[in-house]
Amino acid sequence: MAHTFFADRSLMNQASHPYDTLTPDAILDALEAEGFAVSGRLFALNSYENRVYQVGLDEGAPVIAKFYRPGRWSEAALREEHTFSLEAVAAGIPVVAPQPLADGDTLGRHGDFWFAVFPQRGGQAPDTSVTDTLYRLGQWLGQLHTVGARRRFQHRPTLDLLAGLEANHRFLRDGPWIPEDLRPAWDSLLSDLMALCAARLDEAGPVEALRLHGDCHAGNILCRDEHMLFVDLDDCLSGPAIQDMWLLLNGEDNDRGAQLAELLEGYEMFRDFNRRERHLIEPLRCYRQIAHCAWLARRWDDPAFPKYFPWFGQPRFWSEQILALREQMAALQAPAIDIPGQY
């Protein structure tokens, strides 16, 4: 059996967790209280940050119920997510938004949990190797960002890349997560990475922060019969437009440059794009890598995390992270990607 570097802290995983009270009966009671004629069929969907369920009804298609993680978002922040989704739908943008509950509100409360109910939608992730797919995604993102620029979030975060890097690094460094023999390499590497990210931000210069999807990767887009749907705005925040684009790019620099050009051809039909934002792609990738480690650490008291991410407790994980971040340092030192025909 693999030995974990915080095995002596096993009590961290045994404490009660708020989701312990989210029993099947509690889920069904919450929906019944909002007027849904539940059939008793309940199927847990793949979600770790929140808890998401397909709930069968006596008549018609099932619905999707999302129970938000207690303490993560304030009521005001959740309402801003819902408002942004509904604004997008009103503008004709294919976003799966929460549906009204019994009193017409989209945000419900049951015990310790805020929750929302969504219509069930099917589909598969888009094939971003197809240029027409990227073009159409760019069109929808241009329209989504046009809506996003109309007003500001008051209760949701603004992406502050350097402050976020520092906060996540400090949290990991001050906890039991990184093995002692790897800490010097990690600390030295993070210092260099933050300096390189700062330099790339200087190259980008001032950028506009607007309301974004925030986690716009292919897994949060559904395609069926030539139609697209954006789902899961749980991480919506304010930030630069490129944050909703770079996760859709794959391959070598030349490939990613061509893909971004195709996205922007559709995007700029509806909204101008600041070409210097391409300098932010590698800092954002670095931020996401470190934020993922910190996310796992912050959620380790949730019993689902040791169960589904057991490798996080092994020294090999951190050796691999250091190797991946060294590769990311080389990417930060390289020139920003070129975009054929536009840059």
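Here are a few friendly notes on the structure above, which is a predicted model.

1. **The sheet.** Start with the five strands, which form an open sheet in the order β1-β2-β3-β5-β4, with antiparallel pairing. β1 (38-44) and β4 (108-110) stand at the edges with a single partner strand each, so one side of each has no neighbour in the sheet. From one strand to the next, the twist averages 35 degrees. As background, strands of a sheet pair through backbone hydrogen bonds, either parallel or antiparallel.

2. Now pick out β3 (residues 63-67) and β5 (residues 113-119): they run antiparallel and are joined by five bridges. If you want one of these contacts to look for, F67 has F115 in β5 as its bridge partner.

3. **A helix across the sheet.** Which helix lies across the strands? Helix α1 (residues 24-33) lies across β1, β2 (51-57), β3, β4 and β5. Its direction is at about 125 degrees to β1.

4. **Aromatic pairs.** The count of aromatic pairs comes to 20. W300 lies in the loop between α7 (281-298) and α8 (304-308), while F312 lies in the loop between α8 and α9 (315-333), so the pair ties together parts twelve residues apart in sequence. Are these two residues buried or exposed? Both W300 and F312 are buried.

5. **A second pair and a cluster.** F305 and F309 also form a tilted pair, with 5.3 Å from centre to centre and 35 degrees between the planes. Both of these residues are buried. One aromatic cluster includes W300, F305, F309 and F312, and among its other members are Y48, W177, W186 and W295.

6. **Charges over rings.** Have a look at R109 too: its charged end sits over the ring of W114, 4.6 Å from the ring centre. In the case of R211, the charged end sits over the ring of F153, at 5.7 Å from the centre.

7. **Helix α7.** α7 has 18 residues, and at 1.5 Å a residue it should span 26 Å; the end C-alpha atoms are 25 Å apart, which agrees. Buried residues in α7 include I281, L284, C286, I290, C293 and L296. What covers the buried residues of this helix? The cover includes α4 (161-174), α5 (183-204), α6 (253-267), α8 and α9.

Technical notes:
Residues are numbered from 1 along each chain as its sequence is written. This is a predicted model: local features need pLDDT of at least 70, side-chain atom pairs count only at pLDDT 80 or more; totals for chains, interfaces and linings use all residues. Side-chain values use heavy atoms; hydrogens and water are left out. Two strands pair if DSSP finds at least two bridges between them. Helices (H or I, at least four residues) and strands (E, at least two) are DSSP runs, numbered from the N terminus. Axes are lines fitted to C-alpha atoms, for helices over the stretch in contact, and angles run from 0 to 180 degrees between N-to-C directions. Contact means heavy atoms within 4.5 Å. Rings of Phe, Tyr and Trp (its six-membered ring) pair if their centres lie within 6.5 Å; planes under 30 degrees apart count as stacked, over 60 as edge-to-face and the rest as tilted. Buried means under 20% relative accessible area, exposed over 50%, partly exposed in between (1.4 Å probe, protein chains only). A charge sits over a ring if NZ of Lys or CZ of Arg is within 6 Å of the ring centre and within 35 degrees of the ring normal. The expected span of a helix is 1.5 Å times one less than its number of residues.
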